[in-house]
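Please look over the sequence and the model together before reading on.

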Amino acid sequence: MVINTSEKADVVVIGGGIFGCAIAYYYTRNNPGKKIILLERNEICNAATSHAAALLTRIRAKKDFIPLSLETYRVIAEMEKQLNETLYVKRVGVLHVAASESTIADLDSLMKIAATFSEPATYLQAEKVQAKIPWLKTQDEWKFGFMPQESYCDPYLLGTFFARCAKLQGAEIRQGVEVTNILMEDNIAVGVATSDGNICTGAVVIAAGAWSPVLAMQVGIGLPMAPVRSQYWITERSELFPVDSPIVILPDAQAYARPESGSLLFGIRELKSFSTSPANIPQNISEFSFSDDKGTGDLAAVIDKLARFFPMVYDTGLKYYIAGFSGYTPDNYLSMGIVPGVKNLFAATGCVGAGISVAGGVGLAFAEMIAGKPNPYDFTNFNLERFGKIDPFSNAWLDKCAMARSQKRSG
């Protein structure tokens with residue numbers, strides 16, 4: 001296909017969520033004078049990014065994520081200095097609670113991983129935990145691992161920090177512009193067709209979140225991820241929930257919680273997570289019904305497990321319900337890198353609930369790969385071909401990805 005257009009760019013990024021904005025930031029920072037255009041058909045950071053619980057988890061059992069998250073912490077300070085503003089990162093630490101033989105073993109392993117990365121981590125006694133977190137029930141035979149450097153943030157604010165700094169560095173961010181097609185010449189991505197006309201480019205990055213598989217299928221690629229619902233609740237305010245108490249990870253309840261302005265924000269893993277075909281998601285995510293009952297049925301099915309650690313959950317009012325799509329995979333690893341068999345096409349997808357935390361490393365990795373430089377991180381476990389040929393719209397695939405979220409025990 002020959003593109004007849006005067007519009008040209010070195011890079012076009014499809015999608016203005018946190019991954020797309022981070023890629024634009026790093027590419028403009030590391031490649032001054034190059035032209036990058038980020039296209040968002042709605043408003044930037046208004047879908048998965050703004051609905052995230054935004055745990056900035058540094059230490060995880062999946063060690064490949066850790067360097068990406070450490071880069072996010074590093075770049076936050078850099079952007080705060082560039083904008084002369086604060087992101088108000090809440091560095092309250094995270095408490096991992098282990099109440100069974102298997103989760104105690106997992107916690108001991110996680111503490112060793114923290115030491116490997118020189119991250120502070122210590123075991124706490126039950127009475128000290130109770131003083132820090134009044135709502136949490138404790139028992140002496142349980143184990144409590146505390147990592148004081150962990151934090152959370154406003155996810156929308158972090159995404160817009162990336163976007164604002166990218167614009168200061170020369171990125172063009174166009175909102176209200178829809179990409180309708182990826183333009184190809186043989187097996188080479190050469191541009192995009194948009195609602196405002198065609199753009200010729202040397203690299204196309206798919207970073208469209210839940211909608212990414214639809215774009216990838218235009219060039220015959222089954223992108224290995226699926227939109228799976230993430231949901232959480234925010235309680236009424238109570239003295240039980242100090243504003244500076246730690247994030248809490250409860251693997252035995254498959255739940256997590258963090259403070260939220262005098263309330264408690266908490267999420268659970270449903271017995272059967274909900275997934276849908278990317279083709280069924282409307283352009284405006286606010287028009288999608290995630291749950292007719294605001295998740296109360298899912299919560300009721302697992303609330304006894306949560307009440308083991310949070311006995312007052314039965315008597316605590318729920319004020320807000322938030323739901324959105326995360327891109328999940330059967331192995332709970334990211335799906336991203338150079339798209340196989342198509343030159344000049346990249347995919348930054350499959351956040352598996354860790355998108356806010358790993359955004360810095362993801363942005364840096366793609367900025368370098370797009371520029372023809374080595375990826376500074378090991379993306380072996382994120383390889384887009386690791387599941388073989390898949391149909392991202394089939395019920396079997398969607399069920400596999402939903403089950404991966406249901407079985408997830410970490411935060």
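Two strands are taken as paired if DSSP finds at least two bridges between them, and in this predicted model strand S11 (residues 188–194) meets that description, since four bridges join S11 to strand S12 in an antiparallel arrangement. Strands of a sheet pair through backbone hydrogen bonds, either parallel or antiparallel.

**The sheet around S12**

S11 and S12 form a hairpin, with two residues lying between the two strands, and Thr 194 stands opposite Gly 197 in S12. On the other pairing, two bridges join strand S1 (residues 8–9) to S12 (residues 197–201), and these strands run parallel. Cys 200 in S12 takes part in both pairings, being the bridge partner of Lys 8 and also the bridge partner of Gly 191.

Taken as a whole, the four strands make an open sheet in the order S1-S12-S11-S10, with mixed pairing. S1 and strand S10 (179–185) stand at the edges and have a single partner strand each, so one side of each is left without a neighbour in the sheet.

**The cysteines**

How many disulfides does the structure hold? The structure holds zero disulfides. A disulfide is a covalent bond between the sulfur atoms of two cysteines. For Cys 21, the closest cysteine sulfur belongs to Cys 45 at 4.1 Å, which is too far for a bond, because a disulfide is assigned to cysteine sulfur atoms within 2.5 Å.

Is Cys 21 buried or exposed? Cys 21 counts as buried, because its relative accessibility is 0%, the cut-off for this class being under 20% relative accessible area. Cys 200, the residue of S12 that partners Lys 8, is partly exposed, with a relative accessible area of 27%.

**A glycine in a loop**

Gly 372 has its place in the loop between helix H8 (355–370) and helix H9 (395–406). With a relative accessible area of 66%, Gly 372 is exposed, because that class begins over 50%. Gly 372 and Gln 254 are 118 residues apart in sequence, and their C-alpha atoms are 41 Å apart in space.

| Residue | Relative accessible area | Class |
|---|---|---|
| Cys 21 | 0% | buried |
| Cys 200 | 27% | partly exposed |
| Gly 372 | 66% | exposed |

Terms used: Residues numbered from 1 in each chain as written. Predicted model: local features only at pLDDT ≥ 70, side-chain atom pairs only at ≥ 80, totals over all residues. Heavy atoms only, no water. Buried < 20%, exposed > 50% of the residue type's maximum accessible area, 1.4 Å probe, protein only.
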